[in-house]
Amino acid sequence: MTAEEDDRWMTLALALGRRGLGRVWPNPAVGCVIVREGRVLGRGWTADGGRPHGETQALAQAGDARGATAYVTLEPCAHHGRTPPCAEALVAAGVARVVVATGDPDPRVAGRGIAILEAAGIAVTVGVRGEEARRDHAGFLLRVTSGRPFVTLKLASTLDGRIATATGESQWITGPAARAMVHALRAKSDAVMVGGGTARADDPLLTVRGMGERPDPVRVVLSRDLDLPLDGQLARTARAVPLWLLHRHGADAGPWDAAGAICLPCPDTRDGLDLRAALGVLAGQGITRVFCEGGGQVAAGLLQANLVDELVLFQAGMALGSQGRAMLGRLGSERLADAPRLRLTDLRPIGDDVMSRWVRE
């Protein structure tokens, strides 16, 4: 295979892997393509719930993969779990070569998958479209290496950075196209997170709508004292769609346990829950990608703690003036050098609004 062909087939494997985003946690969303003599024999991606793995799916579709090349977006697993290691499955299938986009830092893998392949005489190439693969697997990689999920912060505001009128009216600042995009972003996330103030003020449902049949992300609410309405949409749907409530140790979780929510105690500070610890709790439960939708205090806290990996901002062509409610709470930055700084990666119109994407430096 030429470098151009390797690039072409890995691009396909990456596209397949993205189909699993938001559906396969705690596992990574891996894509795999089996190719022989320029023809695709099999293709696969991690199935909903994390099993079967992408390699297993692609090998099953291929049937006879002897002498073929397998393109995999993450190093094949090397440990025995509910299924045998994918590295061993590739060896047993008789593939001649495996092209891996990026390595897996999980201590149970971490080079062992590649070692199994090479010990069997299989040629291995690592690093094809590696940067793109690391972006796709960023949630899984962060959970393994840093003990927290990848965080996308979504904000929607007027041109002057306001999210509601002085009386709290906010529906709707942005238009239907932007709201549809938000549902698409939710669908690629393991969890959707809001603060208790947003849950009380907006009575949100936080499900994915208009995207066909698909699992909903876990709904996460940060509520230090669990002082949330037991007659709201979240409580009424807690048994139908997963609802996790992060709260301080000692808060009365009884009513929410009875409603069907999962209550997870978390360290707190004088200003609220410890956000870094809260993300660690979510990672401990297997969450790899969190889509945070506010409110202003949670957004400011995440930015101040340098916990925002990606910010998606929707801006509408209206202004509310200084009396409107600010998009962010107090950050405490007294100097420009102390202010959180992000790098623009995308800017585009979405209906009558503008969407921009920013990433952590």
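Predicted model: local features only at pLDDT ≥ 70, side-chain atom pairs only at ≥ 80, totals over all residues.

Student: Let's start with charges. Why is the pair Arg18 and Asp136 called a salt bridge?

Tutor: Their closest N and O atoms are 3.0 Å apart. The cut-off is a Lys or Arg side-chain nitrogen within 4 Å of a carboxyl oxygen of Asp or Glu, so the pair qualifies. It is part of a structure that holds 18 salt bridges.

Student: What makes Arg18 and Asp136 a link between distant parts of the chain?

Tutor: They are 118 residues apart: Arg18 sits in the loop between helix H1 (3–17) and strand E1 (31–36), while Asp136 belongs to helix H5.

Student: Which residues are joined with Arg18 and Asp136 into one network?

Tutor: Asp7, Arg129 and Glu132 join Arg18 and Asp136, through salt bridges that share partners.

Student: How do you know that Arg186 and Glu293 form a salt bridge?

Tutor: Here the closest N and O atoms are 2.6 Å apart, and the limit is 4 Å, so the label holds. This pair also links distant parts of the chain, with Arg186 in helix H7 and Glu293 in the loop between E14 and helix H12 (296–304), 107 residues apart. Arg186 has a relative accessible area of 7% and is buried; Glu293 has 15% and is buried.

Student: And what makes Arg224 and Asp268 a salt bridge?

Tutor: The closest N and O atoms are 3.1 Å apart, and the cut-off is again 4 Å, so they pass. Arg224 lies in the loop between strand E9 (218–222) and helix H9 (233–236) and Asp268 in strand E12, so the pair ties together parts that are 44 residues apart in sequence. Arg224 is partly exposed at 30%, and Asp268 is partly exposed at 33%.

Student: Why is Asp190 said to have no salt bridge?

Tutor: The nearest side chain of opposite charge, Arg289, is 5.7 Å away.

Student: What makes the approach of Asp190 to Thr288 a polar contact?

Tutor: The two side chains come to 2.5 Å.

Student: Why is Arg236 called exposed?

Tutor: Its relative accessibility is 57%, and exposed means over 50%, so the label follows. Arg236 is in helix H9. Its C-alpha atom is separated by 9.6 Å from that of Leu205, 31 residues apart along the chain.

Student: Which residues are closest to the centre of the largest cavity?

Tutor: Leu21, Asn27, Ala29, Thr288 and Arg289, out of 14 lining residues. About 90 Å³ of space lies in this largest cavity, and its lining has 6 nonpolar, 5 polar and 3 charged residues.

Student: What makes up the lining of the second largest cavity?

Tutor: Among them are Ala199, Asp203, Leu228 and Trp256. Helix H9 gives the largest share, 3 residues. The second largest cavity holds about 40 Å³ of space.

Student: How do the residues lining the second largest pocket divide by class?

Tutor: There are 14 charged, 10 nonpolar and 2 polar residues. This pocket has a volume of about 840 Å³, and of its 26 lining residues the closest to the centre are Arg135, Phe150, Arg289, Glu310 and Arg357. The largest share of its lining, 4 residues, comes from H5.

Technical notes: Residues numbered from 1 in each chain as written. Heavy atoms only, no water. 1 Å grid on protein atoms, 1.4 Å probe; cavity = no way out; pocket = protein on both sides within 12 Å on 5 of 7 lines; lining within 4 Å. Points joined across faces, edges and corners; volume = space filled by probe spheres on them. Helix = DSSP H or I, 4+ residues; strand = E, 2+ residues; numbered from the N terminus. Nonpolar A, V, L, I, M, F, W, Y, C, P; charged D, E, K, R; others polar. Buried < 20%, exposed > 50% of the residue type's maximum accessible area, 1.4 Å probe, protein only. Lys, Arg positive; Asp, Glu negative; His and termini not counted. Polar contact = N/O pair within 3.5 Å; in protein donor to acceptor, adjacent residues only side chain to side chain.
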